[in-house]
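Hi,

Here is the structure I promised to pass on.

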Amino acid sequence: MPALPRLFRTSAAPAALLFCAALAAAYAPPARARDGAHEGDELAALINAYRAAPGLCAGSGAAPAAPLQPEAALSRVRIGFGTFLEPALKKAGYASDRAESISVTGPPDAQAAMTVLREKYCDKLLSAEYSAVGTARRGNEWQVVLAHPLVLPPLPDPAQLRGELLALVNEARATPRTCGAEAFGAAPPLTWNETLARAALGHSRDMAEKHYFNHKEPGGSDPPARATQAGYQWSRISENIASGQRTVAEAVAGWLASPGHCANIMNPTVTEMGAAYAVNPANAHRTLYWTQMFGRPR
């Protein structure tokens, strides 16, 4: 899922999975086949041999690529007409942030299948985006699934979140910058406010549990109301939210790249900040929902 930012400003204050199914009917129906799993393993070995010494790709010299790790789960993936790769990977129990499927029909053995793959899909076979491979033969069809496993960084603990986020935000505020068409001078550093952090945590949890992404909760609560309910006596409130970023640094970079979120961060009239993330454990890709609240007390 791409990383998504949202912002709230008062008047006073984001594994693409690709699917390529290709059919090459350049061969007559195969003779009696050997064991499909064995021939799939042979094809994976041939792909790695090609990556080690590709020679040419599409008529041009090609650099060697690191070997792919054979994965049994990828070999179990079944791609048919109208099948989407992402649910097929999920059904096979393989979590990936990038994947692609290639199929060829007709070659009588692994060597012949490799010839077709090398001629038609050499760029995909040599791609550095993938680190794993699954191969299989089913009847007269050969299937190759290339993938990169989903690797999730460790979640920041509350102390790390507070220290890293506050440092990155204050580092940004210390330098004049332009947010879209709006120019901001350097702003004083913010201090951390636990009440704002509790309000931010409540909203992040609500978004994660109810599967929505908005400043306004389904029940009608908005940032000023949430701050007040948490016990924060404010004269100014603003809020940034984001979904999909997996680290504090990614979240801040996404906000600074967006004019409205950047303006909230650089706003010299706010003096305090609190933030939190939440995760829906039912989401296999562990999507994080971030909320960042800015305030100025009365």
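Helices (H or I, at least four residues) and strands (E, at least two) are DSSP runs, numbered from the N terminus. This is a predicted model, where local features need pLDDT of at least 70 and side-chain atom pairs count only at pLDDT 80 or more, while totals for chains, interfaces and linings use all residues. Residues are numbered from 1 along each chain as its sequence is written, and side-chain values use heavy atoms, with hydrogens and water left out.

With that in hand, Thr-135 stands opposite Val-144 in β7. That pair sits in the β6/β7 pairing, where β6 (residues 132-138) runs antiparallel to β7 over 7 bridges. Further along, Arg-137 faces Trp-142 in β7. The two strands make a hairpin with 2 residues between them, and Gly-139 in the turn has a positive phi of about 65 degrees.

β5 (residues 96-105) is antiparallel to β7 (residues 141-149) over 9 bridges, with Ser-101 opposite Val-145 and Ser-96 opposite Pro-149. Buried here means under 20% relative accessible area, exposed means over 50%, and partly exposed is in between (1.4 Å probe, protein chains only).

Next, the cores. A nonpolar core is a set of buried Ala, Val, Leu, Ile, Met, Phe, Trp, Tyr and Cys residues joined through side-chain atoms within 4.5 Å. The largest has 23 residues, and Leu-43, Ile-47 and Leu-117 touch the most other members. α1 (36-52), β5, α4 (110-125) and β7 each supply at least two of its residues, and the largest share, 8 residues, comes from α4. Leu-117 is in contact (heavy atoms within 4.5 Å) with Leu-43, Ile-102, Val-104, Cys-122, Leu-125 and Val-144, leaving out residues up to four places away in sequence. Apart from this core lies another, of 21 residues, among them Trp-192, Ala-197, Ala-251 and Trp-255.

β13 (residues 288-297) is mostly covered, with 8 of its 10 residues buried. β11 (residues 234-243) runs antiparallel to β13 and is joined to it by 9 bridges; Trp-234 stands opposite Pro-297 there. β12 also pairs with β13 in the antiparallel sense, over 8 bridges, and Gly-274 stands opposite Met-293.

Finally, the overall numbers. The chain has 9 helices and 13 strands, and 47% of its 298 residues count as buried. It exposes about 14200 Å², of which carbon and sulfur atoms supply 56%; areas come from the Shrake-Rupley method with a 1.4 Å probe, and for residues only the protein chains shown count as cover.

Cheers

Terms used: Two strands pair if DSSP finds at least two bridges between them.
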